Amino acid sequence: MQTAPGEQPTFKVVQVGCGNMARKWTAYAAQRADMAIVALVDIHRPAAEAMAETLGLGPEHCFTDLETAVKASGANLVFDVTIPQVHKDIVMTAAALGCDVMGEKPMAASMADAETMMRAVERHGRSYAVMQNRRYTRQIREARGLIAGGAIGRPGFATANFFLGPHFGGFREAMDNPLLLDMAIHTFDQARYLLQADPVSVYCHEFNPAHSWYDGNAAAVCVFEMSDGSVFTYNGSWCAEGAPTSWEGEWRINGSRGTLIWDGTNPPYASAIGEDEEPGRFSRELTRLDPAEPYTGREGHDGCFDEMLAALRERRRAETDCTDNIHSMAMVFGAIRSAREGRRIPLAARD
Ligand SMILES: NC(=O)c1ccc[n+]([C@@H]2O[C@H](COP(=O)([O-])OP(=O)(O)OC[C@H]3O[C@@H](n4cnc5c(N)ncnc54)[C@H](O)[C@@H]3O)[C@@H](O)[C@H]2O)c1
C-alpha cells in the first residue's frame, strides 16, 4: 500500500538484517499505508541492495551500519531481523537514537543481554516488542478462549510434547542448545500465553540422543512451576524421526473441571465434567466443549505485527513487549542453566 503523495508515513522504518526472515517483515510494511521502509542495513551490503531492488529503492537507501542509516533517513522505528547474537547491539543502538524497535525472537543470546536491553529501552523511553508469531494462530487463541471461559476450571497441570526431525544443516546443527534456544522459546511462550502465568522455577534434563545428527543437545525434558500454582512439563526433541507432532506442539492442560486437548493441528476442545455432576462420584459424565468465540484476527507474523503496531499507535505495551517476553527468555536460559548445573533453578519474577 502506498502513502498518498505529500503525506508522511507515521512509521519511518530502518530494517536491519536482509536475510531469509527479512522478506516477511518488508512484506508487512508494504501492506500498511502508515509505514514506509526508508533504509535497509546489512553487514553484507549486497544483501541490503538485493532487497532494496525488490522494494524499488535505490542503493542510496542501503547501509552497513544502523547509526548512519537512522541519522541519514530520519527513521523512528527499527525492525531487527538479524541473528540472535546481534540483537543486543541493534536494540541498544536504536533506542539510544530515539527509535522504537520490533525484532525477531529470541530477544538475545543470553539472559544478561536480554535484561540489559530491557533496561536500556526503558531508560530511553522507547518500546521494544518481540515477534512471537506462534501466539497468533486461530487455534491457540481459541484454546486460550476455552480456558479463559472456564471450560476446564483452574489449570493445574499442562504438558507439551514436541517431537520433530528436521535436517536443517547450517548453524543449528553446530549450536550448543539448538532445541532450547532456537525452538523451545516458542513453546515456552505459548505455555505462558495459554496459562496466563509466569515461571517460578525450572528443572531441566537436556541431552543429545545417540542417533542425533546435531552437535549440541537436541532433546530436553523440563518441569516448570508456574506463578498460578500449576506445573508445566515439556518433552521435546528435534532429532525425532517418525510420528511427528505439530510445530505448535501437542498440548494437554488439565484443570479442576476438565482437560483441554490441542494437538497443534486440529481445533482445540475441552473434555469436562457437566455442570450438575455430583462431586465425589467415582467417575463422572464428561461433556465435549468446543471454542465458543472464533478468533477473527490475522494469524502468525501478521497477527503479531498487527498487535505490535496497534500498541505503538496507542502508546501501550504490546502483548509481546520485552518486559513480558523476558519471562519466556527466563524459561529458556533457566532450563539451560538447570541442565548444566543439574539442579532446580528458581526464576525470579520480574516486572
Ligand atoms: N519467528 C519465527 O518463526 C522465525 C523463524 C526463523 C528465524 N527467525 C529469527 O529471525 C532472525 C533472522 O533469521 P534469518 O533466518 O533471517 O537469518 P539469516 O542468516 O538468513 O539473516 C540474517 C541477516 O542478518 C545480517 N546480519 C548479521 N549481523 C548483522 C549486523 N551486525 N548488522 C546488520 N546485519 C547483520 C546477515 O548478514 C543476514 O543477511 C533470527 O533471530 C531468527 O531466530 C524467526
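Which residues in H7 meet which residues in H9? I looked this up in a predicted model.

**Entry: H7 and H9**

I located H7 at residues 178-195 and H9 at residues 322-341. From H7, I listed Leu180, Leu181, Ile185, Phe188, Asp189 and Arg192. These meet Asp324, Asn325, His327, Ser328, Met329, Met331, Val332, Phe333, Ala335 and Ile336 in H9. I sorted the residues of this contact by class and got 10 nonpolar, 3 polar and 3 charged.

Next I checked the geometry. The two helices pack at an angle of about 130°, and their axes are 9 Å apart. H7 is therefore oblique to H9. I noted the crossing of H7 past H9 as right-handed.

**Entry: H1 and H8**

I turned to helix H1, residues 22-31, and helix H8, residues 300-314. Their packing angle is about 55°, with the axes 11 Å apart. So H1 is oblique to H8. I noted a right-handed crossing for H1 and H8.

H1 makes the contact through Lys24, Trp25, Tyr28 and Gln31. On the H8 side I found His301, Asp302, Phe305, Asp306, Met308 and Leu309. By class, I have 5 nonpolar, 2 polar and 3 charged residues in the contact of H1 with H8.

How much of the chain over residues 140-260 is helix, and how much is strand? I read 22% helix and 35% strand. I also took the distance between the end C-alpha atoms of residues 140-260, which is 11 Å.

Notes. Residues numbered from 1 in each chain as written. Predicted model: local features only at pLDDT ≥ 70, side-chain atom pairs only at ≥ 80, totals over all residues. Heavy atoms only, no water. Axes fitted to C-alpha atoms, helices over the stretch in contact; angles between N-to-C directions. Helix = DSSP H or I, 4+ residues; strand = E, 2+ residues; numbered from the N terminus. Parallel < 35°, antiparallel > 145°, perpendicular 65-115°, else oblique. Left-handed = near helix turned anticlockwise from the far one by under 90°. Contact = heavy atoms within 4.5 Å. Nonpolar A, V, L, I, M, F, W, Y, C, P; charged D, E, K, R; others polar.
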